[in-house]
Amino acid sequence: MSWTWEYAFGAEEAARTAPRSFLAGVEEKAAELVRAAEALYVHGRSHEGVDPKGGNLPVPGGMFTYQIVVRSEHVYIVQITYLGF
C-alpha cells in the first residue's frame, strides 16, 4: 500500500508558522485519515468512481480541511486554521 498524506496549496506555507503542538495534532489526524482511506479503498489506483467529499476536522488549537484523492492514494491537507485555543 502506498497511501500517504501531504500538505497542499497554502497549507504548507501556513504549517511553517503554526505551533509544533498544533501540527502534531494535524499530523496525527491525517495519519488516521490515511489508514481509514487505505482500508476503505483497498484498490485505490484502479478506483473509477468519484472521489469522496473532503471535510473539516477539529484538532486541539484549531482545525484543518482535507481532500482524499483515491486514484493517487493521497490525503491532501488543503487548509489549516490555528485558532490558539
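Guide: Contact here means heavy atoms within 4.5 Å. This is a predicted model, where local features need pLDDT of at least 70, side-chain atom pairs count only at pLDDT 80 or more, and totals for chains, interfaces and linings use all residues. Residues are numbered from 1 along each chain as its sequence is written, and side-chain values use heavy atoms, without hydrogens and water.

Visitor: Of contacts between residues at least 6 apart in sequence, what share joins residues at least 24 apart?

Guide: In this protein, 57% of them do.

Visitor: Which elements does the protein have, and how many?

Guide: There are 2 helices and 4 strands, taken as DSSP runs (helices H or I, at least four residues; strands E, at least two) and numbered from the N terminus. From the N terminus the order is β-α-α-β-β-β.

Visitor: What are the spans along the principal axes?

Guide: The C-alpha trace covers about 40 × 20 × 20 Å.

Visitor: New topic. How many aromatic pairs turn up?

Guide: The whole structure holds 3. Rings of Phe, Tyr and Trp (its six-membered ring) pair if their centres lie within 6.5 Å; planes under 30 degrees apart are stacked, over 60 edge-to-face, the rest tilted. One of the pairs is F64 with Y66, tilted, at 6.4 Å centre to centre and 55 degrees between the planes.

Visitor: Is F64 buried or exposed?

Guide: F64 is buried, because its relative accessibility is 0%; the cut-offs are under 20% relative accessible area for buried, over 50% for exposed, and partly exposed in between (1.4 Å probe, protein chains only). Y66 is buried at 15%.

Visitor: And what percentage of the 85 residues is buried?

Guide: The buried share is 36%.
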